[in-house]
Amino acid sequence: MRLDKFLKVSRIIKRRSVAKEIADQGRILINNLPAKSSSKVKVGDTLTIKFGNKTETIKINRIVETTKKSEAEDMYEILDETYAEDFN
């Protein structure tokens, strides 16, 4: 499955166009390699996504074409979540 579609179906990023934009800016790594929106993902891959202040590392557990919101969280597991700056 394409990276941008996986991010949308799993609801990590709500819109595919936003997922495509983030990937094409070089802010997503698949197994520590830079990824484009058209990169293929498979079960077992590790994604590192850089949102503004937050960096999230995710492991893909399952890939399905469509899913309900309640089942979307079963598609991945969050391995690490770090923040560049702590505002406390």
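A nonpolar core is a set of buried Ala, Val, Leu, Ile, Met, Phe, Trp, Tyr and Cys residues joined through side-chain atoms within 4.5 Å; buried means under 20% relative accessible area, with a 1.4 Å probe and protein chains only. The model is predicted: local features need pLDDT of at least 70, side-chain atom pairs count only at pLDDT 80 or more, and totals for chains, interfaces and linings use all residues. Residues are numbered from 1 along each chain as its sequence is written, and side-chain values use heavy atoms, leaving out hydrogens and water.

**Exercise 1.** Find the residues of the largest nonpolar core that touch the most other members.

Solution. Step 1: the core holds 21 residues, and those touching the most other members are Leu3, Phe6, Leu7, Ile12, Leu47 and Ile49. Step 2: two or more residues come from each of α1 (3–9), α2 (16–24), β1, β3 and β4 (54–60); helices (H or I, at least four residues) and strands (E, at least two) are DSSP runs numbered from the N terminus. Step 3: α1 gives the largest share, four residues.

**Exercise 2.** Determine whether Ser37 is buried or exposed.

Solution. Step 1: Ser37 sits in the loop between β2 (33–34) and β3 (46–50). Step 2: its relative accessibility is 4%, so Ser37 counts as buried. Step 3: beyond four places in sequence, Ser37 touches Arg2, Leu3, Asp4, Lys20, Ala23 and Asp24.

Conventions:
Buried < 20%, exposed > 50% of the residue type's maximum accessible area, 1.4 Å probe, protein only. Contact = heavy atoms within 4.5 Å.
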